[in-house]
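Q: Could we go through this model together, starting with the overall picture and then some local details?

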Amino acid sequence: MAAKKSGRSGGRRRKKSNKMQKQIVGILVVIVAAACILLFGGAPGSVPELAPLITDEHAFAMHAIDVGQADAILLSKDNTYALIDAGETMSPSEREAQDKLFAYLDSLGVKRLEFLLLTHQDYDHIGSALDVLKRYEVGTVYDNGVTHTSATYEKLMQYILEEDIPYRVVSAGDTISSPWNDVTLNVLSPQKDLIMSGSRPDINENSVVMKATYRNVSYLLTGDAEKKAEEAMLDAGEDLNADILKAGHHGSSTSSTQKFLNAVRPAVIVISVGEGNEYGHPHKEPLERFVQMTKHIYRTDMDGDVVVTTDGEVYSVATRKPHVYENVIVPNQPAAEA
Ligand SMILES: [Zn+2]
């Protein structure tokens with residue numbers, strides 16, 4: 001419009017105006033491009049494709065074992081193993097969750113776990129821990145040290161004491177002694193000041209959050225950490241950026257805030273969740289945020305066991321059951337009220 005109008009005043013002016021218009025368009029293109037990067041930075045367009053199945057014998061892997069509405073996550077490299085959580089669930093049954101965990105470990109020939117990290121004291125994370133200690137040799141047990149009075153936790157702590165199993169409390173800033181070359185294990189949460197729920201430390205919010213890094217690839221394992229823990233990690237300036245995220249609290253809407261996800265920028269998201277669970281996990285809101293982040297979303301209720309393997313540069317995902325993206329992005333519906 002401006003160029004047309006100025007055309008009346010003569011060719012020279014129009015030429016100048018056209019040049020200006022081109023400059024403005026050029027500037028606009030740059031601004032729009034910058035806005036797109038800001039809006040969609042780390043969004044699906046820039047998410048790396050998965051590598052073909054990595055079979056490198058020195059690969060590092062995270063196995064989200066399908067134990068129903070619970071967590072049991074195995075880390076492995078060079079036939080050396082460690083376990084994060086050993087959960088049980090009432091639904092479908094405790095025995096089924098434990099059988100699945102043991103069958104999985106046995107199938108790999110696991111005899112010893114270098115460490116057992118318990119993210120927090122809820123039954124769906126520690127239910128099988130005592131039996132794990134009885135069945136496998138365990139190097140060290142780590143947890144957040146929150147005093148918990150459940151019979152399951154008390155029995156577990158008593159056994160650790162009686163059997164003289166090395167036990168250590170960890171919090172942000174600590175490192176877990178890595179049994180693998182080139183793998184670092186950094187604890188990012190809970191902060192030294194635990195998050196309180198009234199006069200007691202909040203169980204979920206004080207989950208131990210650990211980042212495992214093998215060369216250039218990182219995994220962020222969040223237990224059941226929720227919004228307050230995510231906020232505390234952001235405030236503390238923790239380096240949250242990771243390629244693979246084990247979604248907090250089984251994909252609950254109480255976790256995985258946009259701010260937190262923006263800091264993590266995961267290319268692969270794994271949700272450990274039970275089929276038809278009574279909480280309706282994973283919830284709609286976090287799933288919608290995950291879809292904006294990446295197309296590589298996996299969940300144990302549909303995919304079965306999920307294994308994310310890396311050679312330290314690229315990563316691949318293997319699932320027990322066929323993976324159908326269109327299915328995994330649909331939220332669960334909570335069981336109808338009786
Ligand atoms: Zn849980």
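Predicted model: local features only at pLDDT ≥ 70, side-chain atom pairs only at ≥ 80, totals over all residues.

Q: How many helices and strands are in the protein chain?
A: The protein chain has eleven helices and 16 strands, taken as DSSP runs numbered from the N terminus (helices are H or I, at least four residues; strands are E, at least two).

Q: And what share of the residues is buried?
A: Of the 338 residues in the protein chain, 42% are buried, where buried requires 20 or more other C-beta atoms within 10 Å of the residue's own, exposed means 12 or fewer, and partly exposed is in between, with C-beta atoms placed from the backbone.

Q: Which residues of H7 are buried?
A: In helix H7, residues 227-235, the buried ones are Ala-229, Glu-230, Ala-232 and Met-233. They lie on the same side of H7, because they cover an arc of only 160° around the axis, the arc being that of the directions from the helix axis to the C-beta atoms.

Q: Why would that spacing work?
A: An α-helix has 3.6 residues a turn, so residues three or four places apart point the same way.

Q: What covers the buried residues of H7?
A: The cover includes strand E7 (183-189), strand E10 (209-214) and helix H8 (258-264). Just after H7, Gly-237 has a positive phi of about 70°.

Q: Switching to Thr-140, where is it found, and why does it count as partly exposed?
A: Thr-140 sits in strand E5, residues 137-143, and counts as partly exposed because it has 17 C-beta neighbours inside 10 Å.

Q: What is Thr-140 in contact with, leaving aside its neighbours within four places in sequence?
A: With those left aside, Thr-140 is in contact with Phe-115, Pro-166 and Arg-168, a contact being two C-beta atoms, placed from the backbone, within 7 Å. Ile-165 is 25 residues from Thr-140 in sequence, yet their C-alpha atoms are 6.5 Å apart.

Q: Last one: how do E13 and E14 run?
A: Strands E13 (residues 268-271) and E14 run parallel and are joined by four bridges, where pairing needs at least two bridges found by DSSP. From E13 the chain crosses through helix H9 (residues 284-293) to E14 in a right-handed β-α-β crossover, meaning that, with the strands pointing away from the viewer, the path from the first strand over the helix to the second runs clockwise.

Definitions and conventions:
Residues numbered from 1 in each chain as written.
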